[in-house]
Amino acid sequence: MSDADSYSQFLRRKLSVVPRTGIAGEIRADGSLFDHQRVLTNWALRRGSAAIFADTGLGKTIMQCEWARVVQEHTGGRVLIVAPLAVADQTVREAARFGINVTYSRTGGTTPITITNYDMLSAFDGIDFAGVVLDESSILKSFNGATRNQLIERFASTRFKLACTATPAPND
């Protein structure tokens, strides 16, 4: 056996693969999505827990809303979208353009797809949701941040998780 073969075997042993927990089989994401949006959304739905790192203007908002719609329909459970305050109303308006009903709430709400801002996270219990979307998930960059820790604790048992951002790495 050559050194290259043994090194390849070593690397394969170190490889960690997170099992898919998502929707198996063919997924029918909305036909009004652009091809790249449909491919990314379907990939994230199959993964179950995923991150979409797409640059500004590539349609992260509609991808996350369509992901939430499919998860809600597939599971019959509710989906929570958590976003910065300035983005929440914009997400509600953009989702409506595509026929997806997203309701803003600061107090927990009971609608199938709810959006709230990061500051209101304490009003929501992760056990009430089949899926969670973190919009502008770059908030997770702070390894010791209170919001990051709260998100991990609240949604540890949530099956479907999606993080979306245009800035996945520190940008300072």
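Two strands pair here if DSSP finds at least two bridges between them. Helices (H or I, at least four residues) and strands (E, at least two) are DSSP runs, numbered from the N terminus. This is a predicted model, where local features need pLDDT of at least 70, side-chain atom pairs count only at pLDDT 80 or more, and totals for chains, interfaces and linings use all residues. Residues are numbered from 1 along each chain as its sequence is written, and side-chain values use heavy atoms, with hydrogens and water left out.

What is the order of the open sheet of six strands? Reading across, the order is β1-β6-β5-β2-β4-β3, and the pairing is parallel. The edge strands, pairing on one side only, are β1 (49-53) and β3 (103-104). β3 pairs with β4 (residues 113-117) over two bridges; Thr103 has Thr114 as its bridge partner in β4.

Now the helices. α2 packs on the sheet and touches β1 and β6 (160-165), contact meaning heavy atoms within 4.5 Å. α3 also packs on the sheet, touching β1, β2 (78-83), β4, β5 (129-135) and β6.

α2 (residues 35-47) and α3 (residues 60-75) pack at about 45 degrees, with axes 10 Å apart. Axes are lines fitted to C-alpha atoms, for helices over the stretch in contact, and angles run from 0 to 180 degrees between N-to-C directions. That angle makes α2 oblique to α3: under 35 degrees counts as roughly parallel, over 145 as roughly antiparallel, 65 to 115 as roughly perpendicular, and the rest as oblique. Residues making the contact include Leu40 of α2 and Trp67 of α3.
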